[in-house]
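Please open the model in your viewer and keep the sequence beside it, as this tour moves from one selection to the next.

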Amino acid sequence: MPRTDTATATPLAPHPDRLFAADPGARAVARTLYEAVAHAPIISPHGHVDAALIADDQPFADPAALLITPDHYVLRLLHANGVGLEALGRADLSGTGTVPPGRQIWRNLAEHWDDFLGTPVRYWFETELHDVFGLTEQPSAANADAQYDHIAALLQQPQMRPRALFDAFGIEVLATTDAPDADLAAHARLAADPTFRGRVVPTFRADAVFDPSRPDWRLVVASVGQAAGIDTGTHDGLLAALRARRQYFIEHGATATDTGVLDAGSTPLSPSERARIHAAALQGPAGVTAAEAVAYRHDMLFRWAEMSVDDGLVMQLHPGVVRNHHAPTLERFGPDTGHDLPGVGAFTEPLRPLLEAFGTAPGFHLVLFTVDETVFSREIGPLAGFYPAVYAGAPWWFIDTPAAIGRYRSAITDSTSFTKTSGFIDDTRAYCSIPARHDMARRADAAYLASLVVTHQVSEEDAVRVAQRIVSDIPRATFKL
Amino acid sequence: MPRTDTATATPLAPHPDRLFAADPGARAVARTLYEAVAHAPIISPHGHVDAALIADDQPFADPAALLITPDHYVLRLLHANGVGLEALGRADLSGTGTVPPGRQIWRNLAEHWDDFLGTPVRYWFETELHDVFGLTEQPSAANADAQYDHIAALLQQPQMRPRALFDAFGIEVLATTDAPDADLAAHARLAADPTFRGRVVPTFRADAVFDPSRPDWRLVVASVGQAAGIDTGTHDGLLAALRARRQYFIEHGATATDTGVLDAGSTPLSPSERARIHAAALQGPAGVTAAEAVAYRHDMLFRWAEMSVDDGLVMQLHPGVVRNHHAPTLERFGPDTGHDLPGVGAFTEPLRPLLEAFGTAPGFHLVLFTVDETVFSREIGPLAGFYPAVYAGAPWWFIDTPAAIGRYRSAITDSTSFTKTSGFIDDTRAYCSIPARHDMARRADAAYLASLVVTHQVSEEDAVRVAQRIVSDIPRATFKL
Amino acid sequence: MPRTDTATATPLAPHPDRLFAADPGARAVARTLYEAVAHAPIISPHGHVDAALIADDQPFADPAALLITPDHYVLRLLHANGVGLEALGRADLSGTGTVPPGRQIWRNLAEHWDDFLGTPVRYWFETELHDVFGLTEQPSAANADAQYDHIAALLQQPQMRPRALFDAFGIEVLATTDAPDADLAAHARLAADPTFRGRVVPTFRADAVFDPSRPDWRLVVASVGQAAGIDTGTHDGLLAALRARRQYFIEHGATATDTGVLDAGSTPLSPSERARIHAAALQGPAGVTAAEAVAYRHDMLFRWAEMSVDDGLVMQLHPGVVRNHHAPTLERFGPDTGHDLPGVGAFTEPLRPLLEAFGTAPGFHLVLFTVDETVFSREIGPLAGFYPAVYAGAPWWFIDTPAAIGRYRSAITDSTSFTKTSGFIDDTRAYCSIPARHDMARRADAAYLASLVVTHQVSEEDAVRVAQRIVSDIPRATFKL
């Protein structure tokens, strides 16, 4: 509900000790650990920033279009508190509605600032508004217009262009997420540009080819074939085209794939069976049963690992998200509008066929992400604690929070220490939140490590070393960067 | 096992700082937050006190009948430690056994006081015995008779009558839970009584009409029809009768319904299909298959939401409790004897049809409770963090404890801050424990908020404001009080 | 990955306050509680040390054979970090490979010491290397040979023989785990030996007879019959033989059975149905369907409880472990090589038939263990909080860690205090780690109890008493020792 304004603005001043424990001893250790990594370069091996944004280096549009409308974390919280998606700038797909001007969208955020209290979304926002945009007051109805104008003006300045921010943020590597038929032209432009010294690498994401029950499956299969110049009318053709596309991505700097599936089932099919389902699915959505579509998808996950063993691309996997839970919102506003929801996680049983085949294959890296915390101690930690191929992915999306990072570290460290973890991933479309998110993770890890130090489970010297590795050689090794 | 007595009694003196963190800085903040709400009126939007208790305002019977025999929290712990239910005053339904006098029942509690150590049941009991009954020694075999006599004498005094306690406890609103055919006479008497200034509102609970496989289903359906003056021989008739009864409750002050079901499935049926199953079920328990009974129940949950959208009653839902786990105890002593047990929680998938239809309906409030903690971060938080209709119910029953409240706040705040939570519900039959339970929740919330303050995630000023809202406008808004 | 050596060795000096909270107040209380139990005798009611080890009292072989090769906790972490099982001393079952000398195996551990950072495995190892073997440097590539030689020399000394260590460790009772056809000769020798004053008791574990789909089922059934002198060609015969074997174990000091099954299903079969499946299974693996094998196993779990009610043996149950997840490793190196993995836990529903029949049977003790933490608050705590027969087993295997012990205590204490818990079990094959493991649990419990004391939920006096009971009369009562 909208907050009643007070005459006096509340200061916005992120505290230098935030997220560190209250106990003075623990706090001092956390500070030491944090300081050892606070200014380390950012390695961002998994995210959703568009490479063209960096390549084109155009000024950002208005504050709402930058910070609110495209960010489903922000949208869902405002929506939950009664602000419709149109009022937040998402156009009704029917074309019948109208979206308000950016200034009004920003006011919606400011009036509901209280509804973000205590959330990581507000935490990132505060850091970002302060550090990137130089604001010193908490947003409120009273200062909404002034803050909007301040940011809008700032966005026109050269130091706020994407490339200038890339440098200012201290980004060393930024991985994007790209469609299987992508030409990667922006990546190529950046690589060829001697004035750009950063590293922007693509990630191969081909979820649509996994599932023949998807309405866009035939389109994507055809498009992958066209991009690869290989006929995907047969299953072997599709596999060959995918291998070719992966190679194309590798040539453009990719070190990893990313895959989101409903479940992690990985039972392989016989060549004849997968050929048969592929051919049937090409006849149209009615060509395969639901069970056949699932079997095809499970087989494809198996093939995905097989390809990774062959070409060396790191395999990222995040099953268990229920996409587009609210059909009326999907129909009206499209996907990524805040109603993808966590499902029950399961890895140990469904991944068994894949791990029996490839779990000990030299050089194979399989990074497991979840939105269901219960699997950290029960499944992901123990799997990463036996299989050389398995890495425990950082907490992500709904559980990308200081408290959840603490629970993740506690559960995973017990099973498998630090070397088999992924390091932080920001997974964000919100370019300007990248430093805030990495900073939060570094603080949360410092707080966790400090708790081990003050309980004498790890020496401070070892903790400093681990903190440094978590932001450098651990993600580099996991993602082969 | 019984505790060996010591010559010296152990003092009973609840500490003013209990539940606050040990760190002096965090403790000071928690104190400040707690003091801001310690004496706020009690809003109790969900509980099981009988309205007639307040309306009749008779003195309570003996201490055991007040504090032990009807409280299944106390019964189950004594039973787990070897005290039979008869020895605790529950009559054998066959009429063959005998229950001991209250004094002996009290002695059973006193001798097993050690078996409650560290539990919230003992925590509430200690606060209640000290604050309400003025005891200053921990119960023990040595002081059992003296404490029993002390309480028994006190219960005869006028200041210990239910209405005097209502005022002394500072209760502003107390919601009861009532059968769908209830005449709500006690509520009417209280509303009409100018000498009673409190507010006691009914809650519409009609679990039995949901499930045609229940032995009492036909009886309740008929009884609802009689109470409403509407023929429930057809499904449309039953729906009309239920709407009429809801309206009757609204006229008597109700703002909410409450529903406990085995699972949260909510797939609607076609009118003809639900009419058919209804008619078949009226032929007797053999008239419907198990699958039909489940389908009927899922449809009824959908109708329940539909009715709430129409009449504005808040819909409370708590699926996932396995009722009467131990059949021999049920047969001998009846229900509510300590063996209702938590089941696995699930909301995201089963509630999908209901939420697609009503999740964004204006004014619809759906409060989700669970006894399975794993769903806080995975399901309830994310649902409340997108759907305007969904509110995250406070931890309840088995997880109504200081530690679990902390885990709930941590999981839910990350997803959806504070405004989409329910505020505390005491859910109790134990009238005299109400202040102790609310006080515990206020302390636990103060401790949680203090942890955010000292880690600089929330300012102390904001935390005070949130603490105050949690006991006032948040429950008022959620429950439309 | 291997650690880069530093010139200076890192000291190995377990801190006297380790695992206690950083806050000075909480730490002081934890110290007091720990000191009250630090030197209490060790009661080890569940473990995997071979009784012959104590009976024979031979010097241990080399350090690697003692501390690395047989310990699947250590194996799995090294394997996860790229060290093959052969390099750790596990012989390839085909006989084609060669295992390196102990000195080289030790070097593998030392080079990967960093990959154990923060894990309980390293924690135990540090305590053990320091307290038992007198090492004062953290293992490293630089000191690997010297440390190996130091331990190897020490193992030849008389004070390092198993019996001398038994006394030095302060073990009062050690329970072993034994096959159903075991002759228990080593136990008998120890009992008859007036020079041995310790108590080593067998535990009856007959998992193989539960599951007729196991390849070794017929062999074990025959072997049990032979050991009992009773024909196991009929199901009644098998039950009689098992009863006889249990009696034999009782005569040799056993107080408990132990059972690991895939799930806790306990639905009984009719006598004719179990007789029929038994007879069919004796025809060979093809004789029974998968469903029949499961039904037989569930019935056997029911019978197991029935036998315990009759003969008084405590029933330990730990369902939910997925054994031998990686078939290629099983085929090459055999079982217990680090890829048994946790599965989803479930107790409330599957145990219902068993508990309805025996949950209130006088003297029946059923101790429930899990590797899935989610069941502590949802299932095990509530079951132990109603059924007199049910005890909440300590966190075990993957969750036998300081952090998980804290979560266990928090979840279980809320539901059922301390008297219905098992006390610590070390469950270890690693004889020399026993004191380190018990010491860790005592510290973790002291830290948990201190957290209740400083938040004024339990008095320090009560906490001291509980800490003492947790290592003495609670395990003695639970396990009837």
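Begin by selecting chain B and chain A together: only 5% of the interface residues of chain B are also interface residues in chain A, so the copies meet through different surfaces. Contact here means heavy atoms within 4.5 Å.

Before going further, note that this is a predicted model, in which local features need pLDDT of at least 70 and side-chain atom pairs count only at pLDDT 80 or more, while totals for chains, interfaces and linings use all residues. Residues are numbered from 1 along each chain as its sequence is written, chains are lettered from A and ligands numbered from 1 in the order in which they are written, and side-chain values use heavy atoms, with hydrogens and water left out.

Stay with the boundary between these two chains, where 41 residues of chain B are in contact with 51 residues of chain A. Chain B and chain A bury about 3600 Å² between them, and 53% of that lies on carbon and sulfur atoms; buried area is the accessible area (1.4 Å probe) that two parts lose on being put together, summed over both.

Next, look at how the copies are related. A rotation of 120 degrees, with 0.0 Å of shift along its axis, superposes chain B on chain A with an RMSD of 0.0 Å, the copies being superposed by least squares on the C-alpha atoms of residues with pLDDT of at least 70 in both. That is the relation of a three-fold axis. Which residue of chain B comes closest to the rotation axis? Select B:Asp23, whose C-alpha is at 3.4 Å.

For the last stop, move to chain C and select helix 13 (residues 271-282) and helix 14 (residues 290-311), whose axes come within 10 Å and cross at roughly 125 degrees. Axes are lines fitted to C-alpha atoms, for helices over the stretch in contact, and angles run from 0 to 180 degrees between N-to-C directions; helices are DSSP runs (H or I, at least four residues), numbered from the N terminus. On helix 13 of chain C the contact is made by C:Arg274, C:Arg276, C:Ile277 and C:His278, and on helix 14 of chain C by C:Glu292, C:Tyr296, C:Asp299 and C:Arg303.

Notes. Helix = DSSP H or I, 4+ residues; strand = E, 2+ residues; numbered from the N terminus.
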